[in-house]
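Here is a brief report on a two-chain model. Please look at the sequence and the structure before reading on.

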Amino acid sequence: MIRKELVAASAEPLILSLLAKGESYGYAIIQEVKARSDGKLNWTDGMLYPVLHRMENRGLIKSRWAESDTGRKRKYYSLKKDGKTAMAKHHEQWSLVHSVLAGLKKEQYV
Amino acid sequence: MFDLEKSTADWRRQMLAAGIKTPVPLEELENHLREDIERQMKAGLDEQDAFRSSVQKIGQRDILKMEFAKNGNSLFWFGETKATKTNQILGVLWFTQCTWFLIRYATSPVAAAIILCFPHYWQFLTVFFTLLSLTGVIGSRLLIRSAKSGTSIIRIIAVLEFLLCAFEYITGDGSFGSSNYWYGILSGFSFTTIWLLRSSKQKESKLAVE
């Protein structure tokens with residue numbers, strides 16, 4: 001299991017990157033993150049929504065209510081321009097952390 | 001006998017009691033719960049077990065409430081960043097000002113008398129000011145809610161108000177029946193708004209990633 005601090009810190013870049021592929025809704029976002037991490041990134045389901053609402057308040061994403069094929073109402077989220085900028089910055093920062101870490105790890109085996 | 005609808009309604013009531021607001025976010029959480037129950041039942045769980053497991057996965061209501069409270073949705077939504085806070089304070093000020101003007105124009109006997117005496121010219125001006133105040137009320141509401149359109153609307157109105165008041169201040173003929181002192185304050189307020197709204201936007205883009 002991944003530590004909760006890391007889970008919390010990675011929520012925003014993951015949501016932004018997922019929404020960059022197209023609009024989605026809470027349940028689907030959780031399922032996809034779970035599937036892509038082989039169940040290791042496990043969010044408490046309800047906790048996703050305050051994060052989504054915060055991101056919406058900050059103008060990173062927008063939402064709309066729509067009906068699914070089964071007739072269930074869903075709130076779909078999609079990326080806004082500021083969200084794309086934020087995502088690019090996240091990618092840049094996470095890549096930097098990753099490259100520093102990878103470089104240090106490599107040196108240990110030299 | 002387990003009743004899914006009744007249990008879901010109970011869960012909903014508990015969430016409401018804990019202070020989770022309806023329709024948002026409670027509707028969203030309930031839709032999530034129902035979708036998860038459905039999926040778990042398809043995977044082979046019975047109704048009761050699926051319900052229990054989904055409720056557990058969605059999280060305890062007190063912790064959820066605390067997380068939502070961080071968004072400040074409880075009484076009055078107050079922005080997370082300094083920039084949105086500034087915009088909201090300006091929004092409240094403009095809301096007060098425009099509502100006051102709107103009530104004044106809409107109910108003023110002077111305005112009614114002016115329209116009767118000078119139907120063409122003054123009617124146009126009164127309608128113009130009423131519409132301007134109405135737009136201001138809508139714009140400031142949007143600004144309080146941190147909508148970007150609110151920033152644009154209030155900026156345009158502030159520019160118009162600044163130009164009108166500055167013109168009145170300079171010409172100083174008191175044709176609108178108020179003193180120069182008053183126009184000075186209003187043009188100063190408009191100018192500050194234009195200045196602060198612009199600088200907020202710059203800060204916002206820097207804060208997009210924390």
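**Conventions and confidence**

This is a predicted model: local features need pLDDT of at least 70, side-chain atom pairs count only at pLDDT 80 or more, and totals for chains, interfaces and linings use all residues. Residues are numbered from 1 along each chain as its sequence is written, while chains are lettered from A and ligands numbered from 1 in the order in which they are written.

pLDDT is the predictor's confidence in each residue, from 0 to 100. Chain A averages 92, and 99% of its residues score at least 70. Within chain A, confidence is highest in E1(A), at a mean of 96, and lowest in H3(A), at 92. Chain B averages a pLDDT of 78, with 78% of its residues at 70 or above. For the complex, the predictor gives an ipTM of 0.86 and a pTM of 0.58.

**The sheet of chain A**

Helices (H or I, at least four residues) and strands (E, at least two) are DSSP runs, numbered from the N terminus. Two strands pair if DSSP finds at least two bridges between them. Chain A has an open sheet of three strands in the order E1-E3-E2, with antiparallel pairing. Strands E1 (24-25) and E2 (61-67) of chain A stand at the edges with a single partner strand each, so one side of each lacks a neighbour in the sheet.

Seven bridges join E2(A) to E3(A). A:Ser63 stands opposite A:Tyr77 in E3(A). Helix H1 (residues 4-19) of chain A packs on this sheet and touches E1, E2 and E3 of chain A; its direction makes about 95° with that of E3(A). E1(A) is joined to E3(A) by two bridges. There, A:Tyr25 has A:Tyr76 in E3(A) as its bridge partner. E2(A) and E3(A) also form a hairpin, with five residues between them. In its turn, A:Gly71 has a positive phi of about 90°.

**Where the chains meet**

Two residues are in contact if their C-beta atoms, placed from the backbone, lie within 7 Å. On that basis, 23 residues of chain A are in contact with 21 residues of chain B. On the side of chain A that touches chain B, the elements giving two or more residues are H2, H3, strand E3 (73-79) and helix H4 (81-108) of chain A. The residues of that side divide into six nonpolar, eight polar and nine charged. Here Ala, Val, Leu, Ile, Met, Phe, Trp, Tyr, Cys and Pro count as nonpolar, Asp, Glu, Lys and Arg as charged, and the others, Gly among them, as polar.

**Helix packing**

Axes are lines fitted to C-alpha atoms, for helices over the stretch in contact, and angles run from 0 to 180 degrees between N-to-C directions.

| Helix pair | Angle | Axis distance |
|---|---|---|
| H2(A) and H3(A) | about 115° | 11 Å |
| H1(B) and H2(B) | about 150° | 11 Å |
| H1(B) and H4(B) | about 50° | 9 Å |

A crossing is left-handed if the near helix is turned anticlockwise from the far one by less than a right angle, and right-handed if clockwise. H2(A) and H3(A) cross in a right-handed sense. In this pair, A:Gly26, A:Ile29 and A:Ile30 of H2(A) meet A:Leu48, A:Tyr49 and A:Leu52 of H3(A). By class, that contact has five nonpolar, one polar and no charged residues.

In chain B, the crossing of H1(B) and H2(B) is right-handed. B:Thr8, B:Arg12, B:Met15 and B:Leu16 in H1(B) meet B:Leu26, B:Leu29, B:Glu30 and B:Leu33 in H2(B). The residues of this contact divide into five nonpolar, one polar and two charged.

H1(B) also passes H4(B) in a right-handed crossing. B:Gln14, B:Met15 and B:Ala18 in H1(B) meet B:Arg61, B:Asp62 and B:Lys65 in H4(B). This contact of H1(B) with H4(B) has two nonpolar, one polar and three charged residues.
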